[in-house]
Amino acid sequence: MSHFIVLGAGMAGVGAALALQARGHGVTVVDRREPGSETSHGNAGVIQAEAAEPYALPRDLPTLLSYALGRSNDVLWHLRDLPGAAPALWRYFRCSAPQRHARTSQIYARLTARATDDHAPLVAASNSEGLIRRTGLGEFHRSERSLETAARNAERIGRTYGVPSRVLVGADMTRAEPALRGDPAGLLLWEGPWSCSDPGALTRAYAALLEARGGQVVTGDALSLRQQGSGWRVQGADGPVDGTDAVVCLGPWSPDLLSRLGYRVPMVWKRGYHGHFASPAQLVRPYLDAEYGVVLASMTLGLRLSTGAELVSRDAPRTLRQLDRGRRAAGELVEIGAPIEDGIWHGHRPCLPDMLPLVGSAPRHRGLWFDFGHGHQGFTLGPTTGAMLAEIVDGRRDDLTDALSPANRGL
Ligand SMILES: Cc1cc2nc3c(=O)[nH]c(=O)nc-3n(C[C@H](O)[C@H](O)[C@H](O)COP(=O)(O)OP(=O)(O)OC[C@H]3O[C@@H](n4cnc5c(N)ncnc54)[C@H](O)[C@@H]3O)c2cc1C
């Protein structure tokens, strides 16, 4: 039987490792940090069953102008980082053309539609029920116009992909979220999503489940990966780790390793920040403040505010503009409370220009596999693409695996 070295212990790596293990393969997960310490820790914690369509780049002039002039809090960009990001952004813009985006969404929707079902057995087996809420995801809209546009879009998404939602206003809205203050025009409630009060802890619980089932999780540097005989070797803190196969699940860092192996991965890093606040409010579910692009979620540590996208190079310095603006605005909707010290984090959504994760075999290396590039929804999709990878390893080929395959994506 094969032995897989899984590089990266975020939700993608742990999800892939569990699925490979379930199919009888040996698995060692290698990470330089504790499982679930990076992007899979810092996200908004939503298992996004409603995300049938991946985020396209806007192509209409008013939205582009509001981004260009820095009026939007959803997206922030910096002139200094544009030259480096331009080639990948240009591809992303082209892939965002309506017809192409509609085709991509047909694939994407099949992944997000099964995400809660793929998490369910892992939540149960890892005793993580206490971290999960099955209460959906809300969007607060301040103006009638914004609510109407969102409701029309939700109605289209429901018709096209079967994703349920409803609009609540007035007393119905306050009943749905007793901690609401202020008077937004309404609440769009997506009913299918789940949410997690500590995404890093859920990833660690899944990693502990892998170990309990006989897998290994070790510390090591993925960049030390080398071909060794007919297999692969990576340097672990306690000595070399050998495998017949290796899987790259390094999220935002995947291109660093793959460039050494001759693959140019055009990644767009969409940075996001979170801050924690000592809010007295315990929200029933996470909420997007639609006008300001921030998500509010009650977490174990306090109220977590997560921001939209900042288009930066991965190592650029922090800018707290979106978080500060989002905090001031969200304070009109719920009581935010004082900042919790050291509660500010930033990380990067690992986005590929064609908006689909890369899942499948490396085009030019035997026994090397990819499972990364989950963009805005990797916490949702880790177990799903992991299950798909394990099936691909065992020979599955169909339109879905073709769409995700690195060989068909110009690498
Ligand atoms: C602000 C924000 C909010 C988000 N909200 C959501 C949400 O609500 N729902 C959702 O589904 N998704 C959300 N996302 C996206 C989601 O967090 C990511 O898509 C997902 O976490 C990616 O998982 P991953 O396992 O690929 O990467 P990671 O979790 O980053 O894991 C990669 C791992 O690789 C390891 N690593 C890197 N380099 C090396 C090396 N050289 N050697 C060894 N190990 C290495 C890292 O330590 C890390 O553990 C959000 C993202 C952000 C930034």
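**Notebook: contacts, rings and loops**

I began with leucine 168. Setting aside its neighbours within four places in sequence, I found leucine 168 in contact with Met173, Ala176, Gly186, Leu187 and Leu189, where contact means heavy atoms within 4.5 Å. I noted that the model is predicted, that local features need pLDDT of at least 70 and side-chain atom pairs count only at pLDDT 80 or more, while totals for chains, interfaces and linings use all residues. Residues are numbered from 1 along each chain as its sequence is written, and side-chain values use heavy atoms, with hydrogens and water left out.

**Leucine 168, continued.** I placed leucine 168 in strand S7 (residues 165-168); helices (H or I, at least four residues) and strands (E, at least two) are DSSP runs, numbered from the N terminus. Is leucine 168 buried or exposed? Leucine 168 has 9% relative accessibility and counts as buried. The classes are buried under 20% relative accessible area, exposed over 50%, and partly exposed in between, with a 1.4 Å probe and protein chains only. I also looked up glycine 186: its C-alpha lies 5.8 Å from that of leucine 168, although the two residues are 18 apart in sequence.

**Aromatic pairs.** I searched the whole structure and recorded four aromatic pairs. In tryptophan 90 and phenylalanine 93 the ring centres are 5.8 Å apart and the planes stand at 20°, so this pair is stacked. Rings of Phe, Tyr and Trp (its six-membered ring) pair if their centres lie within 6.5 Å; planes under 30 degrees apart count as stacked, over 60 as edge-to-face and the rest as tilted. Both residues belong to helix H4 (residues 82-95), where three residues, about one turn of the helix, separate them. Phenylalanine 93 is partly exposed, at 23% relative accessibility.

I then examined phenylalanine 370 and phenylalanine 372, whose ring centres are 5.6 Å apart with planes at 50°, so the pair is tilted. Both phenylalanine 370 and phenylalanine 372 are buried. Together with Tyr263, Phe370 and Phe372 form one aromatic cluster.

**Charges over rings.** What sits over the ring of phenylalanine 93? I found the charged end of arginine 59 there, 4.4 Å from the ring centre. For arginine 134, the charged end sits over the ring of tryptophan 194, 4.1 Å from its centre. The criterion is NZ of Lys or CZ of Arg within 6 Å of the ring centre and within 35 degrees of the ring normal.

**Helices H6 and H9.** I looked up how helix H6 (residues 115-125) packs with helix H9 (residues 199-212): the angle is about 75° and the axes are 9 Å apart. This makes H6 roughly perpendicular to H9, a class that covers 65 to 115 degrees, with under 35 roughly parallel, over 145 roughly antiparallel and the rest oblique. From H6, His119, Leu122, Val123 and Ala125 meet Leu202, Tyr206 and Leu209 of H9.

**Positive phi in two loops.** Asparagine 127, in the loop between H6 and strand S5 (132-133), has phi near 55°, a positive value in a residue other than glycine. Asparagine 127 is exposed, at 72% relative accessibility. Methionine 355, not a glycine either, has a positive phi of about 70°. I located methionine 355 in the loop between strand S21 (345-351) and strand S22 (358-361). Methionine 355 is buried, with a relative accessible area of 8%.

Note on methods:
Axes are lines fitted to C-alpha atoms, for helices over the stretch in contact, and angles run from 0 to 180 degrees between N-to-C directions.
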